[in-house]
Amino acid sequence: MTIIGIDLGTTNSACGVWTEEGVKLIPNRLGDVLTPSVVSLDKNGEVIVGRAARQRLINHSDRTVAAFKRLMGTDHKVKLANRAFTATELSSLVLRSLKEDAETFLGEPVTDAVISVPAYFNDNQRHATKLAAELAGLKVERLINEPTAAAIAYGLHQKQEGMFLILDLGGGTFDVSLLEFFDGIMEVHASAGDNFLGGEDFVDAMVDDVLRQNGLKRDQLKPLLLQNLYLQMEGAKRKLGGENQLLNLDLGTQQVDFTVTADWFARISTPLLLRAKHPIERAIRDAGLHPNKIDDVVLVGGSTRLGIFRSTIGKMFSRLPSCHLDPDTVVAMGAAIQAGLMMRNEALDDVVLTDVCPYTLGTGVLNHDNPRQGDYFLPIIERNCVVPVSIVKQVYTAHDNQAEVTVKVYQGEHRLVEKNVYLGELTVPVPAAPKGHEAIDIRYSYDMNGLLEVDVTVISNQKTFNHLIEHTPGALSDADKKKALEKLGALKFHPRDGEENRALLARGERLYESSLGERREYIAHIIQQFEKVLEGQHPAEIAKARKQVADALAQLESEDWF
Amino acid sequence: MSPWAILQIDASADSSTIKRAYARLLKLNRPDDDPEGFQRLHQAYKTALSQASRHSALSTADVSAAVPDNTDSTAKPSPEHLVSWHYAFTEESPSLQAPSSQQHEDTQRQAALQDLIEQCRTLIHEQNGLFNVQAWHFLSREPLLLDPDLHEQLSHQIFTLLVESQDDSLLGDSGLIDVEADVVRYLNSLLFWDTQKWQLCHGKPEQACETIFSIIESGPATSPSRAVRGGKSIIPEKIKKKAKKLHYYYFSTPRMRGFAALLDLFSILLLVDAIYRIPLLSNYFSQPFWTDAKIYIVLFGYIVLASLFEKSRLQATPWKLVLGLKVMDHRFDPLSWKKAGLRAVCMSSIPLVFIFSELMMGYAPLIVFGLLFANGFLDGNFIQDRLTKTHVVNWRLSNERQEQR
């Protein structure tokens with residue numbers, strides 16, 4: 001039985017597997033290692049995932065969605081055509097696509113996976129990820145933190161001992177982990193992060209500033225134009241560092257010439273870069289370490305390619321950060337190694353990984369000093385404590401003849417529970433007694449997956465309860481789960497062989513929409529010819545035509561801003 | 001068991017021996033297999049390491065007190081070190097700095113900070129900086145922002161400048177302040193004022209502070225759905241409005257509840273009569289039947305309608321609402337369907353007694369009045385409340401008392 005390792009990213013996803021020769025990344029049906037985390041529904045209601053879906057972001061933006069990882073663990077829904085999906089369901093579609101690719105590559109059914117999540121993902125978000133895997137027919141063997149996964153890949157690759165600071169700036173999240181390698185042990189000392197800081201935010205800031213400069217609001221722009229603007233800005237972001245780029249922007253009512261300069265980008269990205277400082281400082285402070293004890297600063301995640309991010313980090317640590325492995329796939333590689341560890345592969349026999357819980361977990365207790373302020377937060381598991389861990393705290397009843405105690409579970413660092421993240425609650429009956437005479441034991445157990453379990457024991461009668469009653473956002477009951485499985489099971493994926501052709505057609509359509517005049521007619525001609533060949537259904541001819549069309553489109557694109 | 005015994009080493013072992021021993025044991029005893037054993041091992045490892053580092057610090061202190069121990073990675077750094085590890089404008093490694101050059105460095109940075117603050121002051125007082133967000137853009141390229149210590153100082157000082165500029169130009173007590181919202185929001189995005197509201201506002205004019213923060217807070221909210229691209233629309237999460245909770249509740253008096261119930265019954269009576277006057281209905285039912293049935297229609301109508309009203313978001317029948325009463329369950333949450341139904345069943349006992357009055361051999365009115373009379377002595381917690389574990393609370397009074405407290 002093979003376990004695969006999956007990096008389920010905001011922008012791109014990838015998967016890998018541990019083989020005798022080490023890590024192998026699994027190519028998708030188009031031959032790419034990276035599968036864009038984009039889901040689209042075509043007009044027959046069939047699902048398209050990956051590059052072909054990404055191409056459809058422009059001309060079918062109402063049927064296509066990207067960057068939905070941000071919504072994990074919430075009940076927000078995205079409407080595609082006439083159907084609403086939660087982020088969990090969308091993620092499960094991406095996972096299903098990755099799973100099918102892996103099955104084709106390995107030639108056997110795949111049912112188990114190690115999935116990476118941002119280190120700073122909270123309990124709800126982790127449960128949502130696990131649920132997404134279940135809906136895709138995958139059993140989660142382990143949820144691994146992304147920077148930890150990257151660290152494993154680096155550790156095995158370099159075989160170097162010492163203290164490493166891993167900075168993982170992905171499409172939507174920023175994670176910091178401080179690790180030590182010695183004698184095959186990988187010990188995470190501290191993790192911190194920001195769940196709302198990533199490459200997409202930089203593009204977002206660019207788009208916002210362009211709109212502001214032209215006195216426009218987001219909703220004043222048609223979806224098509226807005227998506228086009230996003231793509232242009234994303235392209236510009238990738239090309240930063242060279243000379244100034246002159247873009248021609250179509251803002252509906254006005255055509256604007258806009259110059260993207262390094263200086264402009266630096267100005268609008270400063271607030272985001274400053275935000276990255278907080279988790280870095282916190283991780284180092286929590287580990288109780290002097291910064292000059294850090295042997296290497298390692299950059300992971302596609303967005304660390306940004307020159308300004310590298311130079312900011314360089315200035316902070318007075319040294320150049322290193323980036324020897326491909327930042328886009330290193331997390332998937334690490335997840336695959338963890339999968340190998342789970343299979344108890346002999347080659348990995350002397351590797352052990354220990355991780356920490358990146359945030360404080362606790363409960364609410366009565367605030368006698370100032371009841372209007374709301375309850376105090378009683379920390380039970382403190383952040384950056386090594387996991388798996390199980391800690392008990394005792395609390396007492398607050399009123400005479402109190403009949404029950406409600407244990408509310410919170411996560412966060414604030415003194416007052418109101419300011420922390422609510423995870424769920426549990427109400428237990430207690431025998432009637434004067435206040436302070438009845439006690440309950442609250443036990444929090446945090447496992448290697450980063451999932452929390454709560455047990456409450458009433459001391460006087462030794463009854464134990466461990467079922468959280470209130471449904472947390474994004475969670476599903478068994479009946480709901482069955483319904484979701486049916487709903488997703490009914491969705492058909494596109495036939496695999498047509499995928500490449502569809503991607504090409506979508507690319508052609510996108511080019512058509514962004515062009516004018518003669519050029520436009522030329523593209524229309526190419527698309528029509530290709531469609532004719534497709535109707536002929538001769539595999540050899542289709543392959544030949546595909547090559548020609550791809551070349552022609554590439555030629556056109558290279559002349560263009562894109 | 002001592003940490004050294006757990007690690008199976010000598011108490012005099014140095015940190016590298018401890019690490020090796022820990023690594024060896026950990027491989028035999030994986031965290032996934034034995035979580036508790038792992039916690040013990042890890043605890044022992046941490047304790048042994050900190051003991052060893054203290055020990056080595058003591059022994060090196062004899063040799064040379066000035067040389068800090070650089071070999072042990074677990075030694076706690078002194079606070080002075082933590083402050084000065086960011087060097088935005090020096091290429092030198094901080095670990096190589098001699099104390100004197102460090103001091104020099106500090107004064108230099110302070111001077112740069114003062115220059116910057118002076119620049120901001122001129123901007124505010126002479127160059128229309130309060131109304132031109134572009135004038136502030138130079139700040140984003142300022143290397144001082146990367147230094148945690150100076151960032152904080154800068155944040156405080158610029159906030160003070162802003163508040164002072166307002167104090168002079170505050171127009172009466174209208175609460176209006178003389179600054180462009182964009183400027184405030186831009187500065188906040190660089191200086192993170194919103195994360196340190198209380199420290200910033202301490203000892204400053206309250207009104208100006210409040211207004212500045214209301215500008216910051218009224219800025220576009222960052223919802224998680226913002227970065228999502230594509231999709232026809234995004235259906236936001238349904239946020240369940242939690243009912244407001246008080247710290248103490250006052251139950252309604254029997255008199256008030258009785259009054260509300262009578263008014264509700266009377267209203268339904270009027271309603272039923274009005275419906276009867278619809279010509280079609282009055283032709284259909286005969287007059288004598290109507291007079292007999294009316295009392296039951298009114299009573300059962302009351303029970304059904306009251307339960308529906310009490311289950312609804314109003315949590316009260318119309319007249320209870322007017323009198324400021326609310327019906328709640330034993331946790332002071334709104335009623336569930338089950339509880340509302342139970343209440344209805346309990347209240348139905350009264351008309352049922354009338355209907356089956358023949359079985360009661362004429363005691364029916366007596367029983368009913370007995371029940372009602374008994375309720376008067378139950379501290380506002382009536383029989384039906386006690387049976388269903390619900391309360392009728394004087395919400396208005398409870399609320400007022402809480403406000404006063």
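These questions and answers go through a predicted model of chains A and B.

Q: Why is Asp183(A) called partly exposed?
A: A residue counts as buried with 20 or more other C-beta atoms within 10 Å and as exposed with 12 or fewer. Asp183(A) has 16 such neighbours, so it falls in between and is partly exposed. Asp183(A) sits in the loop between strand E13 (174-182) and E14 of chain A.

Q: Why does Ser318(A) count as partly exposed?
A: Ser318(A) has 19 C-beta neighbours inside 10 Å. Ser318(A) is in the loop between helix H8 (307-317) and helix H9 (330-342) of chain A, and it has a positive phi of about 50° although it is not a glycine.

Q: What makes the peptide bond from Val387(A) to Pro388(A) cis?
A: Its omega is near 0°. Pro388(A) lies in the loop between strand E21 (385-387) and strand E22 (389-396) of chain A.

Q: How do you know that E8 of chain A and E2(B) are paired strands?
A: Two strands pair if at least two bridges are found between them. Strand E8 (residues 77-80) of chain A and E2(B) have three bridges, in the antiparallel sense, so they pair. At this pairing, Lys77(A) stands opposite Ile235(B).

Q: How do you know that E8(A) also pairs with E9(A)?
A: Four bridges join E8(A) to E9(A), and pairing needs at least two, so these strands pair. They run antiparallel. Leu80(A) stands opposite Arg83(A) in E9(A).

Q: What is the strand order of the open sheet of three strands, and which strands stand at its edges?
A: The order is E9(A)-E8(A)-E2(B), with antiparallel pairing. Strand E9 (83-86) of chain A and E2 of chain B are at the edges, because each has a single partner strand and one side without a neighbour in the sheet. From one strand to the next, the twist averages 35°.

Q: Which helix lies across E8 and E9 of chain A, and at what angle to E9(A) does it run?
A: Helix H2 (residues 87-106) of chain A lies across both strands and runs at about 85° to E9(A).

Q: What makes strand E10 of chain A mostly covered?
A: Five of the six residues in E10 (residues 112-117) are buried.

Q: How do you know that E10(A) pairs with E1 and with E11 of chain A?
A: Strand E1 (residues 3-8) of chain A and E10(A) share five bridges in the parallel sense. Six bridges join E10(A) to E11(A), which also run parallel. Pairing requires at least two bridges, so E10(A) is paired with E1(A) and with E11(A). Ser116(A) in E10(A) is the bridge partner of Asp7(A), and Ile144(A) in E11(A) is the bridge partner of Ser116(A).

Q: How many residues put chain B in contact with chain A, and which elements of chain B take part?
A: 49 residues of chain B are in contact with 59 residues of chain A. Among the elements giving two or more residues on the chain B side are helix H2 (15-28), helix H3 (35-63) and strand E2 (233-235). H2(B) gives the largest share, five residues. By class, this side has 20 nonpolar, 16 polar and 13 charged residues.

Q: Which parts of chain A form its domains, and what joins domain 1 to domain 2?
A: Chain A is divided into domain 1 (3-197 + 270-351), domain 2 (359-467) and domain 3 (496-559). The C-alpha centres of domain 1 and domain 2 of chain A lie 32 Å apart. Their contact takes ten residues from each of these two domains. On the domain 1 side, H3(A) gives the largest share, four residues.

Q: What is the helix content of the spans 259-278 and 363-383 of chain B?
A: UniProt, in an unreviewed entry, places "transmembrane region" at residues 259-278, 293-310 and 363-383 of chain B. Residues 259-278 are 90% helix and 0% strand, with end C-alpha atoms 29 Å apart. Residues 363-383 are 62% helix and 0% strand, with end C-alpha atoms 20 Å apart.

Conventions
Residues numbered from 1 in each chain as written. Chains lettered and ligands numbered in written order. Predicted model: local features only at pLDDT ≥ 70, side-chain atom pairs only at ≥ 80, totals over all residues. UniProt positions renumbered as here; feature names shortened; annotations may be inferred. Contact = placed C-beta atoms within 7 Å. Nonpolar A, V, L, I, M, F, W, Y, C, P; charged D, E, K, R; others polar. Axes fitted to C-alpha atoms, helices over the stretch in contact; angles between N-to-C directions. Domains from an automatic or database assignment.
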